[in-house]
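Dear colleague,

Please find below the structure that I promised to pass on to you, followed by an account of what I found in it. I would be glad if you read the account with the coordinates open beside you.

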Amino acid sequence: MALVLNEDEQLLSESASGFFNEKSPVAALRKLRDERSEDGIDRSLWREMAVMGFAGVVIPEDHGGVDMGYMAAGLVAVEMGKNLTASPFLSSAILAATAIKTAGSDVQKSDWLPKLASGETIMALAVDEGRKHNPRLMETTAVRSGNGFTLSGEKSMVLDGHIADQLIVAAKTADDKITLFLIDPKSKGLTCERTVMVDSRNAARVSFDDVTVTADAVIGEVDEGDDVLEAVLNAGRAVVSAELLGAGTQAFNLTTNYLKERKQFGEEIGRFQALQHRASHLYCELELARSAVLAALTALDAGVDDAPLTVAMAKAKLGSVAKLAGLEGVQMFGGVGMTDEYDIGLFLKRIRAAQELFGDENYHLDQVGRMKGY
Amino acid sequence: MSDLEQFQKETRAWLTENCPVEMCEPIEHEDDACWGGRNFTFKNEAQKLWLERMGAKGWTVPTWPKAYGGGGLSKAEAKILAKEMKRIKARSPLSSFGIWMLGPALLKFGSEVQKLEHLPKIALGEIRWCQGYSEPNAGSDLASLATNAEDKGDHWIVNGQKVWTSYADKADWIFCLVRTDNSGKKHHGISFVLFDMQTPGVTTRPIKLISGRSPFCETFFDDVKVPKENLVGELHKGWSIAKYLLTHEREMIGDQNGITRPMHEIAAGMIGLEDNKLADSILRAKILQTEVDEWAFNQTMARKLGEAKAGASLGADSSMLKYYGTELNKRRFELMMDSAGYEGLEWEGERSDDGRLARSWLRTKANSIEGGTSEVQLNIISKHILQLPGA
């Protein structure tokens with residue numbers, strides 16, 4: 001039955017939960033942050049995630065992946081969200097893998113997919129520019145020169161950009177035409193600045209100052225990157241929504257546990273109806289959020305026509321619900337919720353960043369309206 | 001072709017053949033529904049025909065056993081039937097508290113005699129039921145109800161008053177909570193009984209609501225004689241039936257987003273589009289949020305029903321569905337009123353169909369009160385799901 005996990009999915013979910021609880025609890029993110037890790041991720045964890053099949057979760061088996069689809073990817077992301085796990089899962093295993101498996105040439109597929117699946121290669125997607133996600137307003141250009149292209153422009157919020165071995169870059173090759181390129185970040189004219197973010201997760205600004213690439217850097221067809229990019233972004237949106245579900249759910253669990261422990265006026269604060277009702281409302285919102293995420297992942301795997309609409313609705317819903325979970329969490333924790341020592345603040349920060357990725361609630365509500373014709 | 005595929009094919013053919021076109025128009029108002037019963041006046045011949053045809057197949061209650069007037073369908077078959085009906089936007093042939101509330105309770109708690117007596121009449125829409133639960137001093141605190149049933153050997157004499165009895169003035173029979181024992185805790189000593197509304201001593205008085213309509217009544221019992229065989233389940237233990245039935249009621253009230261026109265279509269008709277967007281950008285944003293929530297809610301409804309073991313109740317999650325579904329419906333009508341503007345305020349006259357929208361809008365305010373208020377639902381979630389202390 002739709003939206004109800006089958007036995008395999010249940011098992012995957014449980015094993016991912018066990019894995020991240022043990023290998024990458026919230027303390028692991030604190031460690032990366034406090035030690036000012038150069039990489040911003042734990043490479044040994046990423047190798048172990050690859051062994052678990054997570055890095056190759058959407059990569060076909062004949063290219064070294066486990067080909068379990070987006071539902072599986074989402075279930076893994078939920079558990080990462082609960083643990084605030086930092087890894088190149090989104091950048092490499094979802095965005096890059098989707099781009100190359102969807103549109104890559106045979107050579108690109110056999111060159112890169114096995115390395116993505118093994119975790120050996122990390123790739124980052126450079127699509128956004130400026131402050132907000134909006135591919136329609138893209139300004140980075142790629143102009144034909146010789147047998148290749150020259151790229152100019154600036155990209156923001158390139159997840160894992162500073163540790164990427166390859167970049168997948170979206171650029172305009174004509175008015176309203178986008179092409180995707182696979183580019184070595186060491187190329188001449190390319191600079192990458194790591195941007196330390198509020199959530200202690202990896203992001204970078206990448207600028208292209210007349211960066212030249214050959215024609216075989218093109219992923220898919222010239223001028224036809226729009227549909228590929230949309231497919232890549234929708235995979236990313238659905239998986240980020242799953243991560244937001246995990247983060248929101250865990251923030252909520254921490255909060256309800258705290259309501260049962262913390263005493264004021266001689267009793268647990270969870271006895272107060274003012275808090276009970278807010279917590280119960282949040283429970284309902286998280287249940288709706290879970291359904292939305294499962295529906296989006298299901299739609300992606302089924303490849304149905306309205307998958308983009310479903311994903312947009314899910315990302316919009318998760319943006320608002322996860323934010324509510326973070327906000328209510330900090331408020332109900334009270335003073336200690338403001339301290340760095342308590343984890344709830346880390347959830348608030350990650351949720352703020354993740355809801356912004358690939359379109360926030362406002363962006364996706366607008367998209368829903370456009371798709372429905374109003 | 002599998003059995004289910006065969007069933008789907010036959011169902012589609014049968015519906016095409018038998019569902020009158022008038023019954024494929026969306027229901028925009030509670031009054032459009034068919035409620036059945038001894039005194040019901042059908043809106044038109046199509047409504048009557050649709051009820052008769054569906055009733056004869058047992059498809060007003062597809063999953064009830066055939067022996068009790070049901071369709072005897074499996075869960076999977078019933079799903080197909082629902083899907084096929086949705087495909088042609090067919091209306092439900094019968095709206096009925098008998099189907100939604102009493103029926104499930106009788107199937108679970110009733111005697112064989114009671115099932116054979118009452119269920120087929122519910123399925124065919126012959127008898128319309130009302131629910132005697134709330135009292136003037138027992139609303140959210142329902143278990144403090146005081147309507148008294150005095151033991152007279154082979155019958156009880158019932159005295160007391162119920163309130164918010166939906167359509168009591170139109171109903172043929174009532175299922176009613178009465179107090180048969182006063183000695184213990186308030187949840188003990190409540191019994192669940194059935195009786196004919198034509199029994200001497202029963203009077204109803206419609207309550208005029210803010211909508212100007214009177215879907216609810218006060219119902220008075222003055223020495224009403226109720227035979228003992230009309231007790232459902234065990235004596236003094238009606239509270240467990242009441243709870244079971246409230247769960248069904250919550251699931252039902254929560255699910256009111258059936259076949260209705262999407263809000264944005266209605267709003268577009270009233271406000272208009274500019275550059276293919278609703279002309280009022282802030283209203284557009286609010287409608288978008290609400291429609292996304294409606295979608296997520298419907299997905300949740302499907303998921304929860306899918307997760308529940310066949311035939312099992314949703315338990316405390318029914319409170320979630322009741323709470324969220326009713327609040328959503330209120331939001332929907334607030335936005336419809338926003339869209340309608342001055343015209344939505346018209347209360348009388350043909351243009352507004354006698355204030356249809358305004359009256360419907362006002363009616364929705366009861367959604368989050370009847371069947372347990374939103375606040376009571378949140379209490380239930382706090383206690384049974386979140387297990388917060390003292391809830």
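Over all chains of this predicted model, the count of salt bridges comes to 49. One of them joins the side chains of A:Glu79 and A:Lys82, with an N to O distance of 3.5 Å; because these two residues lie three apart in helix 4 (residues 69-83) of chain A, about one helical turn separates A:Glu79 from A:Lys82.

Between chain A and chain B, the count is six salt bridges, and among the salt bridges there is the one that B:Arg284 forms with A:Asp366, in which the closest N and O atoms are 2.8 Å apart. The rule for polar contacts finds 23 residue pairs across the interface of chain A and chain B, both residues of a pair being at pLDDT 80 or more.

As for which parts of chain A take part, the elements that give two or more residues to the side touching chain B are helix 7 (225-261), helix 8 (273-302), helix 9 (307-333) and helix 11 (361-372) of chain A. Helix 8 of chain A gives the most to that side, with 16 residues, and by class the side of chain A that touches chain B has 17 nonpolar, 11 polar and 11 charged residues.

Taken as a whole, the interface brings 39 residues of chain A into contact with 40 residues of chain B, and the area buried between the two chains is about 3500 Å², of which carbon and sulfur atoms give 65%. A:Tyr283, A:Leu288 and A:Tyr374 supply 22% of the area that chain A buries against chain B, which is more than any other three residues supply.

With best regards

Methods
Residues are numbered from 1 along each chain as its sequence is written. Chains are lettered from A and ligands numbered from 1 in the order in which they are written. This is a predicted model: local features need pLDDT of at least 70, side-chain atom pairs count only at pLDDT 80 or more; totals for chains, interfaces and linings use all residues. Side-chain values use heavy atoms; hydrogens and water are left out. Contact means heavy atoms within 4.5 Å. Buried area is the accessible area (1.4 Å probe) that two parts lose on being put together, summed over both. A salt bridge is a side-chain nitrogen of Lys or Arg within 4 Å of a carboxyl oxygen of Asp or Glu. A polar contact is a pair of N or O atoms within 3.5 Å; within protein, one must be able to donate a hydrogen and the other to accept it, and residues adjacent in sequence count only if both atoms are side-chain atoms. Helices (H or I, at least four residues) and strands (E, at least two) are DSSP runs, numbered from the N terminus. Ala, Val, Leu, Ile, Met, Phe, Trp, Tyr, Cys and Pro count as nonpolar, Asp, Glu, Lys and Arg as charged, and the others, Gly among them, as polar.
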